[in-house]
Amino acid sequence: MPNNITLPKNYANLLDEAYNLASVTADLTGDPEMAKAGVNANEICYPQISVQGLGDYDRNSGYTDNSVSLEWKTSKFNYDRGTKIAVDTMDYQESFNIAFGRAGGELMRTKVAPEADAFTFATIAGKTDISIADAVVYRDGSDFLEALIEAATKMDEDEVTEEGRILYATPTLINGLKGLDTYKSKEIINSFSAIKKVPQNRFYTAIDLLDGKSEGEKIGGYKKSAAGCDINFMIIHKPAVIKYDKHVANDVIPPEKNPDSDSWILKYRKYGLVDIYANKAAGIYLSHKPAGE
């Protein structure tokens with residue numbers, strides 16, 4: 001799409017920028033040292049280990065034999081997105097260096113961070129064997145509190161350790177919970193390692209990534225899938241998640257190094273992976289609204 005740059009007649013030292021949060025899922029990014037390279041360049045491998053249980057000790061023959069099973073599981077990279085911004089040198093100068101100088105920050109805040117969050121939540125929500133509550137619309141903070149107690153109980157029964165549990169929920173639900181200001185609400189709030197407010201427009205069970213090329217998708221970004229539902233909240237045990245960026249390119253090319261035009265160019269690309277460990281699905285708890293809500 002062509003640039004739409006209006007040159008100023010008079011300049012005030014203020015900038016009208018959209019309100020946007022930084023990524024709320026950045027803290028789920030794991031240690032790349034835990035993964036080794038896969039057989040193919042587009043995948044990583046991680047170890048899954050298990051042992052047998054105890055047996056009866058015999059005073060004559062001694063211990064029962066045990067065995068260790070260590071398997072390497074494979075996950076393929078599932079996120080490869082990018083864009084290029086070009087601004088003519090004169091447009092850059094005549095807009096007081098705003099047109100290009102602030103474009104990168106605007107891209108990261110308003111496009112990259114929201115899409116990274118939406119992709120992370122939708123990908124995790126689509127995994128099998130995670131715990132999913134019945135679809136519901138919570139009436140108030142009290143309903144949400146009871147749902148959190150039920151979710152915490154489920155994870156306790158599944159032996160998911162409390163340390164490292166992160167609560168992601170809509171601002172409406174979190175603010176409603178804090179508004180209760182009761183012993184029970186404070187206890188449940190304090191039971192999480194972190195609590196993150198997630199705007200509803202990043203919080204869906206399924207999304208469509210727009211290709212930026214086809215008719216109707218030239219705007220790029222993402223949208224809620226027709227099959228997607230609004231998420232109420234997710235509890236994510238961080239050790240259950242594989243989130244790894246293999247390659248992030250964020251390059252600025254000045255006009256003198258641009259062979260095609262007298263323009264500044266910003267290139268951004270991210271190639272990575274979001275998945276969950278095969279034997280840690282119990283570390284994910286999802287509550288969403290009914291379809292169509």
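In the predicted model, strand 6 and strand 7 run parallel and are joined by four bridges. Within this pairing, Y168 has K196 of strand 7 as its bridge partner. Both strands belong to an open sheet of five strands, arranged in the order 5-13-10-6-7 and with mixed pairing. The edges of this sheet are formed by strand 5 (131-132) and strand 7 (194-197), each of which pairs on one side only. Helix 3 packs on the sheet through contacts with strand 6, strand 10 and strand 13, and the direction of the helix makes about 80 degrees with that of strand 10.

A further open sheet consists of three strands in the order 4-12-11, and here the pairing is antiparallel. Strand 4 (79-88) and strand 11 (241-253) stand at the edges with a single partner strand each, so that one side of each lacks a neighbour in the sheet. On average, and with direction ignored, neighbouring strands of this sheet are turned by 10 degrees against each other. The antiparallel pair of strand 4 and strand 12 (residues 263-276) is joined by 10 bridges, and A86 has I265 as its bridge partner in strand 12. Helix 3 (residues 103-125) packs on this sheet as well, touching strand 4, strand 11 and strand 12, and its direction makes about 15 degrees with that of strand 12.

In soluble globular proteins, nonpolar side chains tend to be buried together. In this model the largest nonpolar core comprises 27 residues, of which F121, I124, Y168, M234, I236 and I284 touch the most other members. Two or more residues are given to this core by each of helix 3, strand 6 (165-169), strand 10 (231-237), strand 12 and strand 13 (284-288), and the greatest contribution, six residues, comes from helix 3. The surroundings of M234 illustrate the contacts in this region: when neighbours within four places in sequence are left aside, M234 is in contact with F121, I124, A125, I166, L167, Y168, F203, I284, Y285 and L286.

Residues up to four places away in sequence not being counted, V241 touches L28, I124, I236, D275, I276, Y277 and I284. The C-alpha atoms of V241 and K280 lie 8.3 Å apart in space, although the two residues are 39 residues apart in sequence.

The packing of two helices is described by the angle between their axes and the distance between the axes. For helix 5 (residues 171-180) and helix 6 (residues 183-190), the angle is about 130 degrees and the axes are 7 Å apart; the two helices are therefore oblique to each other. Helix 5 takes part in the contact through L177, K178 and L180, and helix 6 through S185, I188 and I189.

Notes:
Residues are numbered from 1 along each chain as its sequence is written. This is a predicted model: local features need pLDDT of at least 70, side-chain atom pairs count only at pLDDT 80 or more; totals for chains, interfaces and linings use all residues. Side-chain values use heavy atoms; hydrogens and water are left out. Axes are lines fitted to C-alpha atoms, for helices over the stretch in contact, and angles run from 0 to 180 degrees between N-to-C directions. Angles under 35 degrees count as roughly parallel, over 145 as roughly antiparallel, 65 to 115 as roughly perpendicular and the rest as oblique. Contact means heavy atoms within 4.5 Å. Two strands pair if DSSP finds at least two bridges between them. A nonpolar core is a set of buried Ala, Val, Leu, Ile, Met, Phe, Trp, Tyr and Cys residues joined through side-chain atoms within 4.5 Å. Buried means under 20% relative accessible area, exposed over 50%, partly exposed in between (1.4 Å probe, protein chains only).
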